[in-house]
Amino acid sequence: MASAPTPKPIRLPAAIRQGGRRGWIMALILGAVLGGITLIIPALLAARDAFGFLAIWLGAIAAVYLGFALSDGRQSALGIEWVGLVLFMALATVALVRESAWLLAAGYLGHGLWDAVHHRRGIDTAMPWWYVPVCLGYDAVVAIYVLIRF
């Protein structure tokens with residue numbers, strides 16, 4: 001059986017690759033831009049469908065950390081990220097059932113806080129340093145959209 005090919009690293013803009021404060025800010029901006037691009041989909045949908053999409057999407061983005069934990073390989077990382085995934089999926093489900101924009105926005109803002117806790121190794125799941133600011137920017141843009149639209 002052949003082994004999987006080694007993945008190529010993501011080609012990031014030079015300002016992000018350099019790291020430091022400027023790299024962190026540029027990664028945050030990249031996340032905001034990616035969030036805006038993602039919002040094209042719900043912007044094309046009726047309000048109820050868009051709300052459902054964004055609730056499901058909250059669970060999907062929370063699952064990314066579970067992927068990092070599986071890649072990390074430590075049981076402690078997997079356990080912490082599993083708890084996070086369950087919490088965000090539960091919050092998304094309650095927001096969907098109650099049709100509560102406030103709860104859904106709180107889920108995205110809470111996910112942003114979850115991202116921030118990963119900064120400086122508060123939760124030490126192995127992941128690229130730039131993922132935290134990218135996700136923070138992304139979550140903030142989506143949360144603002146939820147509050148404005150719904």
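User: Is E99 buried or exposed?
Analyst: This is a predicted model: local features need pLDDT of at least 70, side-chain atom pairs count only at pLDDT 80 or more, and totals for chains, interfaces and linings use all residues. Residues are numbered from 1 along each chain as its sequence is written, and side-chain values use heavy atoms, without hydrogens and water. Buried means under 20% relative accessible area, exposed over 50%, and partly exposed in between (1.4 Å probe, protein chains only). E99 has 52% relative accessibility, so E99 counts as exposed.

User: Where is E99 found?
Analyst: Helices are DSSP runs of H or I with at least four residues, strands are runs of E with at least two, and both are numbered from the N terminus. E99 has a positive phi, near 50°, although E99 is not a glycine. E99 sits in the loop between α5 and α6.

User: How are α5 and α6 oriented to each other?
Analyst: Axes are lines fitted to C-alpha atoms, for helices over the stretch in contact, and angles run from 0 to 180 degrees between N-to-C directions. Helix α5 (residues 75-98) and helix α6 (residues 101-118) pack at about 165°, with axes 8 Å apart. Under 35 degrees counts as roughly parallel, over 145 as roughly antiparallel, 65 to 115 as roughly perpendicular, and the rest as oblique. Therefore α5 and α6 are roughly antiparallel.

User: Which residues of α6 meet α5?
Analyst: Contact means heavy atoms within 4.5 Å. On the α5 side stand I80, E81, G84, F88, L91, V94, A95 and R98. On the α6 side they meet L103, L104, A106, G107, G110, H111, W114 and H118.

User: Which helices do the buried residues of α6 pack against?
Analyst: Several residues of α6 are buried, including L104, Y108, H111, W114 and D115. These buried residues of α6 pack against α4 (47-72), α5 and α7 (131-149).

User: What span does α4 reach from its first C-alpha to its last?
Analyst: The expected span of a helix is 1.5 Å times one less than its number of residues. Helix α4 has 26 residues, and 38 Å is expected. The model comes close to that value, with a reach of 38 Å.

User: How many nonpolar residues are in the contact of α4 with α5?
Analyst: These two helices pack at about 175°, with axes 8 Å apart; α4 and α5 are therefore roughly antiparallel. Ala, Val, Leu, Ile, Met, Phe, Trp, Tyr, Cys and Pro count as nonpolar, Asp, Glu, Lys and Arg as charged, and the others, Gly among them, as polar. By class, two residues of the α4 and α5 contact are polar, two are charged, and the nonpolar ones number 18.

User: How do α2 and α7 lie relative to each other?
Analyst: Their axes are 6 Å apart, and the angle is about 40°. Helices α2 and α7 are therefore oblique.

User: Which residues of α7 make the contact with α2?
Analyst: From α2 come W24, A27, L28, L30, G31, A32, L34, G35, G36 and T38. From α7 come P133, V134, L136, G137, Y138, V141 and V142.

User: Which residues does G35 touch, not counting those up to four places away in sequence?
Analyst: G35 lies in helix α2 (residues 20-38). G35 is buried, with a relative accessible area of 0%. Beyond four places in sequence, G35 touches Y138, V141 and V142.
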